[in-house]
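Welcome! Please take a look at the sequence and the 3D structure below.

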Amino acid sequence: RPEMHSVAEKNKYVGMMFLKLTPAYFALGKEGIRKITNAHVGSLTKYAPQLKHIVCSGTTSRYDQITIMEADTLEEIYDATMDFKMGEKAAYIELVEMTVGILAPPRKDARKSKV
């Protein structure tokens, strides 16, 4: 299988989804949110070891959450993104932006890289 970048042979791909919760999400109330969240979590369980969630606050209201996924292949990030977009919360969460990159080698190893 050909890789897109030589750094990816040793370092993971990282996908960052910048998400905005819709007003309809909050209108569900605590019980409604709990119900769809449980279904959402169940459908994405296979990606749980690779996902990290960051709940945001700061100087922008563009995002409510950033979901970060580390993966060995771009296909894994694509599959998780598609499952997320078709999942239970998809009607309540807008995917505002997405960025994919490769984890850089530690700085002490940067000179050793053949990139």
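What follows is a tour by topic, from the overall layout to single residues.

This is a predicted model, in which local features need pLDDT of at least 70 and side-chain atom pairs count only at pLDDT 80 or more, while totals for chains, interfaces and linings use all residues. Residues are numbered from 1 along each chain as its sequence is written, and side-chain values use heavy atoms, with hydrogens and water left out.

**Overall layout**

- The chain holds three helices and four strands; helices (H or I, at least four residues) and strands (E, at least two) are DSSP runs, numbered from the N terminus.
- The chain has 115 residues, and 30% of them count as buried; buried means under 20% relative accessible area, exposed means over 50%, and partly exposed is in between (1.4 Å probe, protein chains only).

**The largest pocket**

- The largest pocket has a volume of about 290 Å³.
- Among its 21 lining residues, His40, Leu44, Leu51, His53 and Thr67 are the closest to the centre.
- On a 1 Å grid over the protein atoms alone, a pocket is an open set of points where a 1.4 Å probe fits, with protein on both sides within 12 Å along at least five of seven lines, and lining residues have an atom within 4 Å of a point.
- Grid points are joined across faces, edges and corners, and the volume is the space filled by probe spheres set on the points.
- Six elements each supply at least two residues of the lining: β1 (13–21), α2 (29–43), β2 (51–55), β3 (65–71), α3 (74–85) and β4 (93–102).
- Helix α3 gives the most to this lining, with four residues.
- Sorted by class, the lining has 13 nonpolar, seven polar and one charged residues; Ala, Val, Leu, Ile, Met, Phe, Trp, Tyr, Cys and Pro count as nonpolar, Asp, Glu, Lys and Arg as charged, and the others, Gly among them, as polar.

- Thr67 sits in strand β3 and is buried, with a relative accessible area of 3%.
- The side chains of Thr67 and Gln65 are joined by a polar contact of 3.1 Å; a polar contact is a pair of N or O atoms within 3.5 Å, where within protein one must be able to donate a hydrogen and the other to accept it, and residues adjacent in sequence count only if both atoms are side-chain atoms.

**Salt bridges**

- The model has five salt bridges, each being a side-chain nitrogen of Lys or Arg within 4 Å of a carboxyl oxygen of Asp or Glu.
- One of them pairs Lys12 with Asp72, whose closest N and O atoms are 2.6 Å apart.
- Lys12 lies in the segment before β1 and Asp72 in the loop between β3 and α3, so this pair ties together parts that are 60 residues apart in sequence.
- Lys12 is partly exposed at 33% relative accessibility, and Asp72 is partly exposed at 43%.
- Asp83 and Lys46 form another salt bridge, with the closest N and O atoms 3.4 Å apart.
- Here the link runs between distant parts of the chain, from Asp83 in helix α3 to Lys46 in the loop between α2 and β2, 37 residues apart.
- Asp83 is partly exposed, with a relative accessible area of 24%, whereas Lys46 is exposed at 59%.
- Arg62 forms a salt bridge with Glu97, and their closest N and O atoms are 3.0 Å apart.
- This pair also links distant parts of the chain, with Arg62 in the loop between β2 and β3 and Glu97 in strand β4, 35 residues apart.
- Arg62 counts as partly exposed at 46% relative accessibility, and Glu97 counts as partly exposed at 32%.

**Lys89, a buried charge**

- Lys89 is found in the loop between α3 and β4.
- Lys89 is buried yet has no salt bridge, and the nearest side chain of opposite charge, Glu88, is 9.4 Å away; Lys and Arg count as positive and Asp and Glu as negative, while His and the chain ends are not counted.
- The side chains of Lys89 and Thr37 make a polar contact of 3.2 Å.
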